[in-house]
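Reader: Hey, could you walk me through this protein? I'm new to reading structures.
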Amino acid sequence: MRKKRWITNKARLRKVLAIPALVLGIAASPVVGQVEGGELVLAQSANPPSLDAMTSSSETARNINMNIYEPLVAIDENVNPIPMLAKSIEPSEDLLTYVFPLRQGVLFHNGKEMTAEDVKASLERYREVGATRGMLDKVKEIEITGDYEVTFHMSEATPTFIEGFSSPRAPAVIIPAEEATKPANEIEIIGTGPFKFVEFVPDDHVTLEKFADYVPNEDFDGPTGFGGKKTAYLDSAVYRIIPEAGARIAALEAGEVQWADQIPVPAAKRMSADENLNVYEARQWAFMTFIMNWNLPPTDDVNFRRAVLYAIEPEEVMAIATEGFYDLNHGWQYPGRTYNAGDIGKEIYESAHIDKAKEFLAMSDYDGEEFLILTDPNYGEHSRAAVVLAEQLKPIGINAVVKQLDWATVLKIRLTDEGWNGWTLMQGLEPFLGPYGIAAKMRGDQTHMRGTADVFEESYNRLITGKTVEDRQTAFAEIQTAIYDLVPQIKIGDVGRMQAGSARLKGFKPFRAPRLNDIWLED
């Protein structure tokens with residue numbers, strides 16, 4: 001439970017934000033019997049592409065970075081924005097300024113106290129290198145208004161600004177001002193979180209250790225989401241990079257690791273009967289998507305992209321890709337969520353329309369060239385989906401070729417216009433947070449599909465500036481309509497995630513990254 005108010009004019013801001021409770025959950029209550037000390041070994045499938053948290057939206061980076069760094073504003077267990085390094089969030093009546101008094105006495109891992117100078121420098125750096133820097137587009141100026149206070153001056157009122165600013169996708173973390181002058185991926189790994197960086201040996205492990213001088217947020221009674229009052233019981237944590245699922249499972253069953261991610265469904269079913277293990281299930285974990293490259297033939301042709309869309313049979317892809325742990329869902333929001341756009345695109349999605357697919361292919365300029373499907377083996381769902389998609393496209397005359405590379409290489413290639421036409425990607429955090437992340441990746445200069453269209457720009461602007469929920473729902477409905485028409489991405493279905501841990505691991509709750517705080521190992 002929260003001890004005190006965190007935002008001035010809270011009722012008014014809630015009215016304009018209309019923040020939905022996207023995920024059910026409650027803040028963890030204090031638990032007796034925590035054990036101090038010990039080393040937790042976690043197994044994940046791939047290297048983090050970067051430990052410069054601002055620059056990477058990768059899940060494998062977020063798994064580690066969210067324990068090292070902290071932002072001004074975090075999300076709680078219900079995906080609502082809460083102050084983290086900020087003491088409070090104080091919007092003006094017209095939403096053209098936001099004052100952020102800072103918590104005092106917060107220390108960086110190098111022993112330096114955080115001040116407004118560090119906050120401003122960090123956020124100015126985020127404008128340059130942040131993987132989702134568009135969330136600061138409406139911030140005209142960041143002003144230091146006290147040693148422990150910064151004020152944002154907005155170019156226009158944006159009722160959804162705080163929701164976007166709290167996103168952990170590529171978090172706007174605070175680092176020392178002297179580090180904030182450095183280019184992307186050249187900083188010392190220094191944050192304010194409960195664990196500090198020790199070493200990274202690529203393809204082997206990342207080691208963190210408890211930050212003994214961590215300053216918890218006493219405005220909360222306990223942890224919640226990526227915020228609240230965090231307590232570190234563990235002495236250290238080692239993230240082992242184990243690409244093969246079978247090897248992760250074997251390491252967990254042998255006691256070599258105490259937590260493992262991405263457990264295949266058949267193995268999870270078997271492991272659930274083992275009293276020495278706990279299996280964690282998250283049903284609405286991600287959207288399985290197939291992203292089109294608008295800047296390379298043949299996917300620069302909208303009729304070719306439409307042919308691909310109409311040729312796909314989603315259920316076959318999902319059944320094989322996820323080994324049976326999936327939900328069919330045409331929507332670009334989860335069912336029952338505030339911004340779910342109803343039946344838009346449902347008829348197209350429900351099954352393959354082969355005649356229609358051939359019709360669109362005939363209207364395109366396609367001449368039999370290779371259609372390169374980019375994928376990786378680190379996420380089994382990605383590679384299995386790619387294989388099925390290729391087979392589904394061949395009967396209509398598309399020369400589909402699967403191009404499988406390691407995850408880190410895939411992440412680099414997809415940022416270029418060459419070497420790929422389609423890319424299989426599970427998008428987890430974007431739909432989890434609501435409509436804004438999904439829409440943001442289809443506009444601006446950082447789109448997944450390497451281009452954009454006016455409808456995405458215009459509808460996104462209405463989505464983030466709409467004064468009422470109804471205004472914003474209409475904007476997102478326009479975006480979903482455009483997705484099914486212009487085909488920047490193809491929605492395949494909803495993917496669940498299985499994780500597992502030792503029965504010795506206590507206090508653990510699945511979230512968007514494994515939280516090292518407030519968990520411990522029983523003797």
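Predicted model: local features only at pLDDT ≥ 70, side-chain atom pairs only at ≥ 80, totals over all residues.

Reader: Ok! How many helices and strands does the protein chain have?

Author: The chain comes to 16 helices and 21 strands. Its radius of gyration is 23 Å, close to the 24 Å that the globule rule gives for 523 residues, so the chain is as compact as a globular protein of that length. The C-alpha atoms fill a box of roughly 65 × 60 × 40 Å along the principal axes.

Reader: And what share of the residues is buried?

Author: Buried residues are 59% of the 523. Take helix α2, residues 59-68: ten of its ten residues are buried, including Glu59, Arg62 and Ile68.

Reader: Switching topic, where's the negative surface patch? Which residues form it?

Author: Glu199, Asp203, Asp204 and Asp406 form that patch. Asp203 sits in the loop between β8 (195-201) and β9 (205-210).

Reader: Is Asp203 buried or exposed?

Author: Asp203 has a relative accessible area of 59%, and the cut-off for exposed is over 50%, so Asp203 counts as exposed. Its backbone stands out too: phi of Asp203 is near 65 degrees, a positive value in a residue other than glycine.

Reader: What about Glu323, what's its phi?

Author: Phi of Glu323 is near 60 degrees, also positive. Glu323 is in the loop between α8 (314-321) and β15 (326-327), and at 33% relative accessibility it is partly exposed.

Reader: Last one: which residues does the cis peptide bond join?

Author: Pro297 and Pro298, with omega about 5 degrees. Pro298 is in the loop between β14 (277-292) and α7 (302-311).

Conventions
Residues numbered from 1 in each chain as written. Heavy atoms only, no water. Patch = residues over 30% accessible without salt bridge, like charges linked within 9 Å, V, L, I, M, F, W, Y side chains within 5 Å. Areas by Shrake-Rupley, 256 points an atom, 1.4 Å probe, with all protein chains shown as cover. Salt bridge = Lys/Arg side-chain N within 4 Å of Asp/Glu carboxyl O. Lys, Arg positive; Asp, Glu negative; His and termini not counted. Charge placed at Lys NZ, Arg CZ, Asp CG, Glu CD. Helix = DSSP H or I, 4+ residues; strand = E, 2+ residues; numbered from the N terminus. Buried < 20%, exposed > 50% of the residue type's maximum accessible area, 1.4 Å probe, protein only. Rg over C-alpha atoms; globule rule 2.2 N^0.38 Å.
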